[in-house]
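I set out to record what could be looked up in this structure. The entries follow in the order in which I consulted them.

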Amino acid sequence: MSNPDPLTLFSSITLLRLTSSDNKECSITLSRGQSFPAKRFSADEEGRAPVGEQQWDAISPPADGLHADLQITDQLGEGRMGQVFAARLVSLKKSIHGETLPAAYIPLPSQFCIKLAKPEYIRSLAREAWFYEQLSKEDGNPGAVTPVCFGFFTRQLPNNVHLRSWSSVKIKPEKPSDVPEGEEPNYDLLVDDEEGEYRHFDDERRSHLDSPWHLKQWKARTDRSPFVGILITERLGAQMPTEYSPPRGMGLRRRLPEEVRTELLMLLDDLNAVGIVHGDIKFDNILSRASESWLSSEVCPRHKQVHTWRLVDFDRSFKYDPANPIDSWYLSTVQNYEADDICYQ
């Protein structure tokens, strides 16, 4: 099979060694879910909508994609919104109950990265998935600037099934002091949730307004059972070395080796070329490229070279129309700010 788009490759996946039922290890199967489109960010006071608004829609989940059985091998870390695991491919099938395909059927990485949303932050993961979809629309970005993404998968958690890792969460959200007693707070608020938020425009796009992850739709759910949400990418290498980290408050330009600084600016330039500002650049979100070369090409189409580093974690990103000269000028200053303000945290 030739190299298909990774984001339309899988319709479902089964995870092994992540869940338990009646204190016994079990598997859980998830289906490809809908990502959550962001509103358009604009510094243009008139908020003029771009031509061809369909470019902002979420990618429709593939109806007849393959099925993968993945086994969790290690926990790699934990952040504000999720836990990160390494996984390996156990088997590849034409469908959940279809025939098993040979390992060489399609090029795939030997290790995957599974980002599991904490139950409070699944909307943020749906939003991050949308940014990976947007990046995939620019040839060469996945695998050259970011890890290759295989999609966002979800399901409601059955009553008798428990995610073992959720019981070991170390970074827990703090309940806001202004939430009334007995009322469950919404921890997972996105920057464009508020109606009429300055500089964020929905352009009346139904893919945003009708999304199940839209705040109104999410609050209106009658079934409050937890949702499981995961984002699957290729596994990258290590985080940027701590010896590169400047003292808090010192910027990227002042301490990083010239070749590292130049490359990170290239990565930010690649994002901004497609109208995306990362919004959370820090050393934790800069990882080295995968040690294996399973892609046909990792050459950045804009800079004609293989970048050493990749950017991850797009849940706080925003997108603008790069064809709008006002936005293009404004966001170039934001890019410079991101570069200057990076520090190890």
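Entry 1, a helix. I note at the outset that the model is predicted. I listed the buried residues of α5 and found Val-260, Arg-261, Glu-263, Leu-264, Leu-265, Met-266, Leu-267, Leu-268, Asp-270, Leu-271 and Asn-272. I then checked the length of α5, which covers residues 258–273. At 1.5 Å a residue, its 16 residues should span 22 Å, and I found the end C-alpha atoms 22 Å apart, so the two values agree. After α5 comes Gly-275, for which I read a positive phi near 80°.

I looked up the largest nonpolar core and counted 45 residues in it. Phe-152, Trp-213, Leu-264 and Leu-311 have the most contacts inside this core. At least two residues come from each of α1, β8 (149–156), β11, α5, β13 (286–288) and β14 (309–311). The greatest share is that of α1, with eight residues. I also recorded a second, separate core of 31 residues, with Ile-13, Leu-92, Phe-112 and Val-228 among them.

I read a volume of about 750 Å³ for the largest pocket. Its lining comprises 30 residues, and those nearest the centre are Val-84, Gln-239, Asp-284, Val-312 and Asp-313. Two or more lining residues are given by each of β4 (66–78), β5 (82–93), β7 (112–117), α1 (122–136) and β11 (227–234). I sorted the lining into eleven nonpolar, seven polar and twelve charged residues.

I returned to Asp-313, one of the residues nearest the pocket centre, and placed it in the loop between β14 and β15 (318–319). Its phi is positive, near 65°, although Asp-313 is not a glycine. Is Asp-313 buried, exposed or partly exposed? I classed Asp-313 as partly exposed because its relative accessible area is 24%, which lies between the limits of 20% and 50%.

I found Glu-204 in the loop between β10 (200–201) and α2 (206–209). Glu-204 is likewise a non-glycine residue with a positive phi, about 55°.

I located Ser-42 in the loop between β3 (40–41) and β4. I recorded Ser-42 as buried because its relative accessible area is 1%, and the cut-off is under 20%. Which side chain does that of Ser-42 join in a polar contact? I found a 3.1 Å polar contact with the side chain of Asp-327.

Definitions and conventions: Residues are numbered from 1 along each chain as its sequence is written. This is a predicted model: local features need pLDDT of at least 70, side-chain atom pairs count only at pLDDT 80 or more; totals for chains, interfaces and linings use all residues. Side-chain values use heavy atoms; hydrogens and water are left out. Helices (H or I, at least four residues) and strands (E, at least two) are DSSP runs, numbered from the N terminus. The expected span of a helix is 1.5 Å times one less than its number of residues. Buried means under 20% relative accessible area, exposed over 50%, partly exposed in between (1.4 Å probe, protein chains only). On a 1 Å grid over the protein atoms alone, a cavity is a set of points where a 1.4 Å probe fits but cannot get out, and a pocket is an open set with protein on both sides within 12 Å along at least five of seven lines; lining residues have an atom within 4 Å of a point. Grid points are joined across faces, edges and corners, and a volume is the space filled by probe spheres set on the points. Ala, Val, Leu, Ile, Met, Phe, Trp, Tyr, Cys and Pro count as nonpolar, Asp, Glu, Lys and Arg as charged, and the others, Gly among them, as polar. A nonpolar core is a set of buried Ala, Val, Leu, Ile, Met, Phe, Trp, Tyr and Cys residues joined through side-chain atoms within 4.5 Å. A polar contact is a pair of N or O atoms within 3.5 Å; within protein, one must be able to donate a hydrogen and the other to accept it, and residues adjacent in sequence count only if both atoms are side-chain atoms.
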